[in-house]
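Here are some friendly notes to read with the model open beside you. Take the points one at a time, and find each residue on the screen as you go.

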Amino acid sequence: GLDDYLEVVQDPMDLETIEEFLEGDEYEDEQGLVNPEWFWEDVGLCWENCIVYYEGEEEVDAYKMALDMKAFAQELEDEFWDGMDTFEENLGKVDPALHSIA
């Protein structure tokens, strides 16, 4: 079992908690928008915690999957930030007369 999990992991995070935070507006900033930095930080923490917990037991499937998921999540985050950069670049190109539509 994971009886010693809270002794090993200092800042617990899991996908269920991330879902609850999203549904409960825990990631919202002062403007009521989801702060992606907070979200991605917790996603990374989720996988990092698993890696820390199973440190020294690299043959365990959970450890291997956490490494894969951490890498996959990092790819998704990179794509997200690239998309945000593109969005912000294009936003500056929008005709100011159309701003009231958005």
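1. Let us begin with a term. A disulfide is a covalent bond between the sulfur atoms of two cysteines. Here, a pair of cysteine sulfur atoms counts as a disulfide when the two lie within 2.5 Å. Please also keep in mind that this is a predicted model.

2. How many disulfides does the structure hold? The count is zero. Cys 46 is in no disulfide, and the nearest cysteine sulfur, that of Cys 50, is 7.8 Å away.

3. Take Ile 18 as an example: Cys 46 and Ile 18 are 28 residues apart in sequence, while their C-alpha atoms are 8.9 Å apart in space.

4. Now move along to Asn 49, which is found in helix α3, residues 36-53. With a relative accessibility of 6%, Asn 49 counts as buried. Leaving out residues up to four places away in sequence, Asn 49 touches Tyr 5, Val 9, Asp 11, Pro 12 and Met 13.

5. Next, a charged pair. The salt bridge count comes to one. In this bridge the side chains of Lys 70 and Glu 48 meet, at 2.5 Å from N to O. The pair links distant parts of the chain, since Lys 70 lies in helix α4 and Glu 48 in helix α3, 22 residues apart. Lys 70 is partly exposed, with a relative accessible area of 37%, and Glu 48 is partly exposed as well, at 27%.

6. Which residues form a nonpolar patch on the surface? They are Phe 87, Leu 91, Val 94 and Leu 98, and together they have about 340 Å² of accessible area. Leu 91 is found in helix α4, which covers residues 61-91. At 43% relative accessibility, Leu 91 counts as partly exposed.

7. Finally, step back to the whole chain. It has four helices and zero strands, and from the N terminus on the elements run α-α-α-α. A compact globule of 102 residues would have a radius of gyration near 13 Å, but this chain has 18 Å. Along the principal axes, the C-alpha atoms fill a box of roughly 60 × 25 × 15 Å.

8. Some totals complete the picture. Of the 102 residues, 25% count as buried. The accessible surface comes to about 7,700 Å², and 53% of that belongs to carbon and sulfur atoms. Among contacts with a separation of 6 or more, 47% come from residues 24 or more positions apart.

Note on methods: Residues are numbered from 1 along each chain as its sequence is written. This is a predicted model: local features need pLDDT of at least 70, side-chain atom pairs count only at pLDDT 80 or more; totals for chains, interfaces and linings use all residues. Side-chain values use heavy atoms; hydrogens and water are left out. Patches are made of residues with over 30% relative accessible area and no salt bridge: like charges are joined within 9 Å, nonpolar side chains (Val, Leu, Ile, Met, Phe, Trp, Tyr) within 5 Å. Accessible areas come from the Shrake-Rupley method with a 1.4 Å probe; for residues, only the protein chains shown count as cover. A salt bridge is a side-chain nitrogen of Lys or Arg within 4 Å of a carboxyl oxygen of Asp or Glu. Helices (H or I, at least four residues) and strands (E, at least two) are DSSP runs, numbered from the N terminus. Buried means under 20% relative accessible area, exposed over 50%, partly exposed in between (1.4 Å probe, protein chains only). Contact means heavy atoms within 4.5 Å. The radius of gyration is taken over C-alpha atoms; the globule rule is 2.2 Å times the number of residues to the power 0.38.
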